[in-house]
Amino acid sequence: MKTRLLSLALVAASLSPLAVQAQQAIVPAQSEVAFTSRQMGVPVDGKFKSFSAQVAFDPAKLATSSIAFTVDTGSADISREANAELPKATWFNVAQFPKATFQSSAIKRIDATKYEVAGKLSIKGVSSDVVVPVTLAQNGATTVASGAFPIKRLTFRIGEKEWADTSMVADEVQVKFKIALTGVPKL
């Protein structure tokens, strides 16, 4: 019996380095995903009210770290008028594509608090490689990941038909995020 317990303990100990990295938890009340587009040259700010993340990040183990992010496209919020249009097929086509996703493929350290996260961004059935700059700031048990990156809305078929005219709505959209997480190891 003792031999069997010892064998089980040795097997468990040998597998522990293979254990999945602990995931961090998002703090929704302290997090936001926003965007700025330009309509006839004027900046228009919006945000997504519903999103989630699955983050397994360890600054000492970047090769095994991963980030998966999901945004409910139907939660886009600009104004009452715009909010009525955005779910339609011409824009986000929420009925067919209710979620936009990002899945990391590599994380690179730039300096003590700055990283580049490469991965696939998928919106409205179209996927594209992106590199997202991320700055981390720790305050006690909370780590805030923030950054901004541009996307071309027409690449993702956002604003089709008459809305493809970039003199009305610019092609470039700046995506901004601030994601508060718990459980991130010390930087």
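User: Which residue has a side chain that meets Lys88 in a salt bridge?
Analyst: In this predicted model, local features need pLDDT of at least 70 and side-chain atom pairs count only at pLDDT 80 or more, whereas totals for chains, interfaces and linings use all residues. Residues are numbered from 1 along each chain as its sequence is written, and side-chain values use heavy atoms, with hydrogens and water left out. A salt bridge requires a side-chain nitrogen of Lys or Arg within 4 Å of a carboxyl oxygen of Asp or Glu. At 3.0 Å, N to O, the partner of Lys88 is Glu85.

User: What is the relative accessible area of Lys88?
Analyst: Residues count as buried under 20% relative accessible area, exposed over 50%, and partly exposed in between (1.4 Å probe, protein chains only). Glu85 is partly exposed, at 36%. Lys88 is also partly exposed, and its relative accessible area is 42%.

User: How many residues apart in sequence are the parts tied together by Lys99 and Asp72?
Analyst: The side chains of Lys99 and Asp72 meet in a salt bridge at 2.3 Å, N to O. Lys99 belongs to strand β7 (residues 99-109) and Asp72 to strand β5 (residues 66-72); strands are DSSP runs of E, at least two residues long, and helices are runs of H or I, at least four, numbered from the N terminus. The pair therefore ties together parts whose separation in sequence, in residues, is 27.

User: Is Lys124 buried or exposed?
Analyst: The side chain of Lys124 meets that of Glu160 in a salt bridge (2.8 Å, N to O). Glu160 is partly exposed, with a relative accessible area of 27%. At 3% relative accessibility, Lys124 counts as buried.

User: Which strand gives the most to the lining of the largest pocket?
Analyst: On a 1 Å grid over the protein atoms alone, a pocket is an open set of points where a 1.4 Å probe fits, with protein on both sides within 12 Å along at least five of seven lines; lining residues have an atom within 4 Å of a point. The lining has 44 residues, of which Val33, Phe35, Phe48, Ile151 and Val175 lie nearest the centre. With five residues, the strand that gives the most is β11.

User: How many helices and strands does the protein chain have?
Analyst: From the N terminus on, the elements run α-β-β-β-β-β-β-α-β-β-β-β-β. The secondary structure comes to two helices and 11 strands.
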